[in-house]
Amino acid sequence: YCIDGLRKLEYRGYDSAGMAYLCGDKVVVRKVTGRVDALDTIVPNSLVSSLGIAHTRWATHGQPTSVNAHPHQSNKKLFTIVHNGVIENFRPLTNQLKARGFSFKSATDTEVIANLLERFYIRSGSVMEAIAETMGALDGSYALAIIFANETDRLYFAKKASPLLIGVGEGNNLLASDSLPMIESTDRFIDLEDGDYGYMTEEEIHIFHDGKEIHREYVVRDSELLHHDLGDYP
């Protein structure tokens, strides 16, 4: 799903690609500069995993290198995330976290999100509270997919000012910035709204807003319409 989904987004352009997936109870991260085909060569063909996230990056903060490519992990590797968007206050947040003993490997604005999640989780013991606190600390835009290392069946998410959709499947649920990567698996989509966050499993979807669980209806999209996204362009 992840590699094929990235290929459907190649038309957007990017300088690096990466993927994280659960292998047993361990989160494995693979990242490359260049095209998705290069990523495909370092991800096992026989991979069996129930949970994964993947990303293609166009550099805004930091050079196009494998270190700066997503996914990013928190210091203790409790959180692994991919992020679309721009965090405007990442420098003061980074300085605050460094003062608390956190270290940073990349030059991105994304790594601060992973470490904020870890800081707030260590304080509260709740992933959902950590996500809510992190959202409150961030200025800017984000669409986040989050793996928490101690839970092998949940994919967490959060959204503000950057597109994020849930694909409602049969026996699986999907998350992406566009319908296109998910259209071969489902035609039912939930368009998340700014301030939404939550988690999904293979069978369940839980969406929260302002601390309360809410229900959002899915819409059905015609796959043929999506195939015309590029018009006459290849």
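**Close-up views of a predicted model**

**View 1. The buried residues of helix 3.** In helix 3 (residues 90-99), F90, L93, T94 and L97 are buried (buried: under 20% relative accessible area; exposed: over 50%; partly exposed: in between; 1.4 Å probe, protein chains only). Helices (H or I, at least four residues) and strands (E, at least two) are DSSP runs, numbered from the N terminus. The buried residues of helix 3 fall within an arc of 100° when seen down its axis, so they line one face of the helix; the arc is that of the directions from the helix axis to the C-beta atoms. An α-helix has 3.6 residues a turn, so residues three or four places apart point the same way. R91, N95 and A99 are exposed on the other side of helix 3. After helix 3 comes G101, with a positive phi, near 100°.

This is a predicted model, in which local features need pLDDT of at least 70 and side-chain atom pairs count only at pLDDT 80 or more, while totals for chains, interfaces and linings use all residues. Residues are numbered from 1 along each chain as its sequence is written, and side-chain values use heavy atoms, with hydrogens and water left out.

**View 2. Helix 3 against helix 4.** Helix 4 (111-124) and helix 5 (127-137) are among the elements that cover the buried residues of helix 3. The axes of helix 3 and helix 4 lie 10 Å apart, and the two helices pack at an angle of about 45° (axes are lines fitted to C-alpha atoms, for helices over the stretch in contact; angles run from 0 to 180 degrees between N-to-C directions). Helix 3 is therefore oblique to helix 4 (under 35 degrees is roughly parallel, over 145 roughly antiparallel, 65 to 115 roughly perpendicular, the rest oblique). From helix 3, F90, L93, T94 and L97 make the contact, and from helix 4, V112, N115, L116 and R119 (contact: heavy atoms within 4.5 Å).

**View 3. The buried residues of helix 5.** V127, M128, A130, I131, T134 and M135 are the buried residues of helix 5. Their arc around the axis is only 160°, which puts them on the same side of helix 5. Their cover includes helix 4, strand 5 (79-84) and strand 6 (142-148).

**View 4. V48 in a loop.** V48 lies in the loop between helix 2 (36-42) and strand 3 (52-57). V48 is exposed, its relative accessible area being 72%. From C-alpha to C-alpha, V48 and F148 are 18 Å apart in space, and they are 100 residues apart in sequence.
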